[in-house]
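Subject: Structure handover and notes

Hello,

Please find below the structure that I promised to pass on to you.

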Amino acid sequence: ARQRQEGARHAYAEPLPGTAYERVLRTQVVEATEGDGKATVMAPVTDRGDAIGVLELELTELPDDELVTDVVAAARTLAYVVVACRRHTDLFEWAQRTQPFTLAAEIQRRLLPAAFTCETAQVTVSGWLEPANAVGGDTFDYALDRDTLHVSITDAVGHDVTAAVLATVLVGSLRNARRHGADLLTQAARANDALAAHATVGQFVTGQLMRVDRRSATATLVNAGHPFPLRLRAGRVEEIELDIDLPFGLEAGRAFRPQRIPLLAGDRILLITDGMVENTEELDVADLLLRTADLHSRQVVHLLGDEILRTTGNDLRDDATAVCIDWHGGTADGRADDDPASS
């Protein structure tokens, strides 16, 4: 158990591996069990595919289908409450941490999106980051508009606060340009120029920017010195070989090359940082992507994180980050996105 520094509240850290809590979080399926004269119901607390937690209820007997439906509705409502309330307090952030963050890790965490998964009927995006012992400057980000999905994955040179500052400039520039309505190439150019203006010689950030046109089912990518994406299509995994531009920040005023790829329903695209392959030789990312084809993208990135930790003995020399994009197909009708796709 951990106690807050102020007040008398307690938060208990539940070990997840091998428990029903972990199973419900990963599968997003309600579980009801009976024993010791009581029944227990556990339902996933999830908002648009972002697994926030588990709602656990103790009852006098196993619930019928109608009551289970009510519990599921209550869990979904609770997810909305948590999302709304956590903007105003550190309590939820505090309760999720098993150890104190370094300054670099705190900066890095603030650069990540508020939700690591976003799911609609047409597309799902999930990301995960395993930080090294000395934070390596990895980030990922996404934004979903009515017609467009924006995704980025970046890796700043160096470690700790220096890398975190470089990442802050780049991610802040990308978000600023995106929120001004800039297209993909303009976003890349502005971020590059901002980093070149504020970085010293030898400082740079590799990255991959991706813009999905939801109406034409086309992805446009910019590759700034980053590892190739992987694509799972029809039971086969292959690299998407892209022309490689220089990393961000090395030369002001230069242009980037857009590269377009069509999307087919069922496509799964995985973006990774080099930490996913350079921390260990034991992890075959392509093989894991193939073996997890039937899993939710949220589970895929979590398993990648688990495997990189297992194969390195929890000793990462560099951050390891992955973003998984599933293209389900269909139309870009914003109204259909009001109800999250079932997991």
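Helices (H or I, at least four residues) and strands (E, at least two) are DSSP runs, numbered from the N terminus. Please keep in mind that this is a predicted model, in which local features need pLDDT of at least 70, side-chain atom pairs count only at pLDDT 80 or more, and totals for chains, interfaces and linings use all residues. Residues are numbered from 1 along each chain as its sequence is written, and side-chain values use heavy atoms, with hydrogens and water left out.

Let me begin with Arg109, which has its place in helix H4. Buried means under 20% relative accessible area, exposed over 50%, and partly exposed in between (1.4 Å probe, protein chains only); Arg109 counts as buried because its relative accessibility is 17%. If contact is taken as heavy atoms within 4.5 Å, and residues up to four places away in sequence are not counted, Arg109 touches Glu93, Phe101, Ala114 and Phe116. The C-alpha atoms of Arg109 and Leu129 are separated by 9.5 Å, although these residues are 20 apart along the chain.

Phe116 leads on to the aromatic rings. Rings of Phe, Tyr and Trp (its six-membered ring) pair if their centres lie within 6.5 Å, and planes under 30 degrees apart count as stacked, over 60 as edge-to-face and the rest as tilted. A search of the whole structure finds three such aromatic pairs. In one of them, Phe116 and Trp128 are arranged edge-to-face, with 5.7 Å from centre to centre and 80 degrees between the planes. This pair links distant parts of the chain, since Phe116 lies in the loop between helix H4 (103-111) and strand E6 (117-119), whereas Trp128 is in strand E7 (residues 123-130), twelve residues apart. Phe116 counts as buried because its relative accessibility is 16%, while Trp128, with a relative accessible area of 26%, is partly exposed. Another pair, Phe248 and Phe256, is tilted, at 5.3 Å centre to centre and 40 degrees between the planes, and both Phe248 and Phe256 are buried. Phe116 and Trp128 also belong, together with Phe140, to one aromatic cluster.

Next comes the interior. In soluble globular proteins, nonpolar side chains tend to be buried together. A nonpolar core is a set of buried Ala, Val, Leu, Ile, Met, Phe, Trp, Tyr and Cys residues joined through side-chain atoms within 4.5 Å. The largest nonpolar core here has 26 residues, of which Val125, Val151, Met210, Leu271, Val323 and Ile325 touch the most other members. The elements that give two or more residues to this core are E7, strand E8 (138-144), strand E9 (148-156), strand E10 (205-213), strand E11 (218-224), strand E15 (267-272) and strand E16 (320-327). A second, separate core of 19 residues includes Leu111, Ala188, Ala191 and Leu195.

Two helices also meet. The axes of helix H1 (residues 20-27) and helix H9 (residues 297-312) come within 9 Å and cross at roughly 130 degrees, where axes are lines fitted to C-alpha atoms, for helices over the stretch in contact, and angles run from 0 to 180 degrees between N-to-C directions. In this contact, Leu25, Arg26 and Thr27 in H1 meet Arg298, Gln299, His302, Leu303 and Asp306 in H9.

Finally, one backbone detail deserves a look. Most residues other than glycine have a negative phi, and most peptide bonds are trans. Ala234, however, has a positive phi of about 55 degrees although it is not a glycine. Ala234 is found in the loop between strand E12 (230-233) and strand E13 (236-239), and is exposed, with a relative accessible area of 83%.

Best wishes
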